[in-house]
Structures are given as structure tokens and as C-alpha cells.
Amino acid sequence: MDTEIFALDLGNKQTKLKSSKKTYILPSHFFDAENFGENFGVAKSNTHQRFQVPFSDSEYIWGTDIDALHLDNYMIDTLIRGNRYADESFKLLANFSLGLLANDFVESKEGILTVDVVTGIPSKDYFDKERKQTLMDVLSGQHQIDIDQKTVTVKVKNVYIVPQPIGTLYNELLGSDGVTIKNENLMSDKIGVVDIGGGTILIDTILNFRLIEDSSKQINTGINDLYQSIASSMNGEVSLYKIAETLRAGNKNQEWIYSYSRNNQINITELVNKKINSFTRLQANKVNSTLDDKQTIDTLLFTGGGSSLVNRKLILKTFNNAQFVEEPELANVLGFYKFGKNYTSEN
């Protein structure tokens, strides 16, 4: 069979994964199963599973809804200052990700699944040779992962590391086959990319598919700041996880109802709108102050999960070249996958 392509977006707050079989969105943290004892019962869940790898003695719990367990004190976070890719928690996350994707292929269970991996990293990490090499070492080679006590084996043949905004650019440029060009203007445009994530905002400029290093900036704030601001203005015990879920669920009809419990719900629409407008103005100001050459930018793409929550009218009023990408939460990982398809088709 042909070599499979795995696309990984191992963000500080969220992990997005894609193969030809499936696309995943999961938190970038997990729990040590030892903390919960035998009666925790997570092995039978459809939304979180037990993971184990040879280089660690522990068994870990990871899945789409682990934040709903409200066990923050037990959380193992992969948001590490400095060289994040050298930390064991990140190495665990990377292996879990490879295992989860490989688990959808029978070849990984009956033998060894061979894959090429495409991943993206923030521009400041991309220009750091040591960090890039560390990430390359983490992902390369053969990996064995036990998922709910069943072993999958995946061999990473090639690793392609690209600047994170290239993911959004490729997703906007190419069709689903990774070859067909759907937006020719992007081939020659000077493009700005504003990626609003959970814990960071990345602002980059791309010309001729090359990142302009002097016009790139990482701001250590993100949509989590919006959640925190809303929570701090509410009474009682407020869950940031519930705030995030409430905003995502109510965004389509612009009405937000927060549930303290099944019988205690409040309408927080006025508060949320006020906080979103304040957050949007602040981010617009940061983009304005970062892009010194904004007058020469043809297209300014807003991407990342946070871009679905900002006040788009304010952004479009501030930047006449602004565009909001479709599926902003997945734009990067979809682009990484298309990059892999495009690269392998050319070679």
C-alpha cells in the first residue's frame, strides 16, 4: 500500500489530527491513570481511552471530553515554556497522537503501518534549529502505543515540519485532493495570517510561500483570556470548560445560556457580547501594531478556533483586506494534510 499521511497540529491547548480515515480534535493535556484507581471506569468510554508507551511506566487517560471530568488538579499539561518539544509530556502527547491515528488502520495492529508526518510549529520555533531538530527526533522512527491494552505500531518514514500559518495558506489554496488549486490569487498575494488559538495569537506574513521572519510575532494570550474575563464577571463557582462549551454552542444564534446545574441556568448574552467586543478590539490593536507593512498585504487571513468567537464586523471594519477562513479550528491541520498530499504527488 502507499505510505499514509498523518497531519498533526499539537497546539498548546488543543490537538488536531488528520489521516485519510478520520479527523480528531482533542485537548493537549491528559491524566495519569494511577490517580484514579481501578474503579474510574474510563476504559469503557467512547470519548477517552487508556494509553501506554514503552518509555513510560505509567498508563494515561486521554480523550475528547476529559475536561468534563473537572479533574484539573490531576492534569498533565504540555504547555511548557522554553523548548516544549524536549519535555516528556510533549513526547507522550506526540506518541498518543500517532497511536490514535494509527488505530484506525488494520495494518498497525497486524504489523507495522508506515506513514509520513506533516506538522506545523509557531514561526519563532520554526526558525530555531535546535527546537526543530528536537521535534524531528520525537516524531521520527518506530512507535509502539498500547490503546486500551491493544498494541498499534507505526513507523514514521519522513517528517515534514512547516511554519504553522502555512497550514491555513495551503488549506485556502488547494482543494481536498491536495493538488487542485482553488484560489489562484493566493499564489502571488502577500498574505498576513492571524491565528487566534487557546493560549497564543500568532501573527505572520507570507510572500511567495516564504515566511517573513521580521514580520512574525507570537503573543502569549488567546481565547482562554476571553473565557477567564467572562468567568471573573460571574457569580458563584464557574467552570472555564463550561464557559468554552457555552460560547461554542451559542455562537450561531448569538445567545448564550450558562448552566450552573440542570436546574440553575442564566442568560449571559449581554456579558458575553461586551467581553467579545473588548477582546476583539484588543486583538485588532495587536495586529495593527505588529504588521508594520499592513498597507502592502493583499489578504489578511483570520484563522484558529478563537477567530470564530471574535466580533467579525469589528475586524472587517478595521481591516479592509481581512478574510475569515472556513473551519478555522481545523484549517491548519487540514492544510498540513494537503501539503503532504501535494508534496508526495510532486515526488
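Q: Which ring does Lys-18 lie over?
A: Lys-18 sits over the face of Tyr-337, 4.8 Å from the ring centre. A charge counts as over a ring if NZ of Lys or CZ of Arg is within 6 Å of the ring centre and within 35 degrees of the ring normal. This is a predicted model, where local features need pLDDT of at least 70, side-chain atom pairs count only at pLDDT 80 or more, and totals for chains, interfaces and linings use all residues. Residues are numbered from 1 along each chain as its sequence is written, and side-chain values use heavy atoms, with hydrogens and water left out.

Q: And what about Lys-91, which ring is that over?
A: Lys-91 lies over the face of Phe-55, at 4.4 Å from the ring centre.

Q: New topic: how many aromatic pairs are there?
A: The count comes to 16 aromatic pairs. Rings of Phe, Tyr and Trp (its six-membered ring) pair if their centres lie within 6.5 Å; planes under 30 degrees apart are stacked, over 60 edge-to-face, and the rest tilted. One of them is Phe-30 with Tyr-60, edge-to-face, at 5.5 Å centre to centre and 85° between the planes.

Q: Are Phe-30 and Tyr-60 buried or exposed?
A: Phe-30 counts as buried because its relative accessibility is 0%, and Tyr-60 is buried at 4%. Buried means under 20% relative accessible area, exposed over 50%, partly exposed in between (1.4 Å probe, protein chains only).
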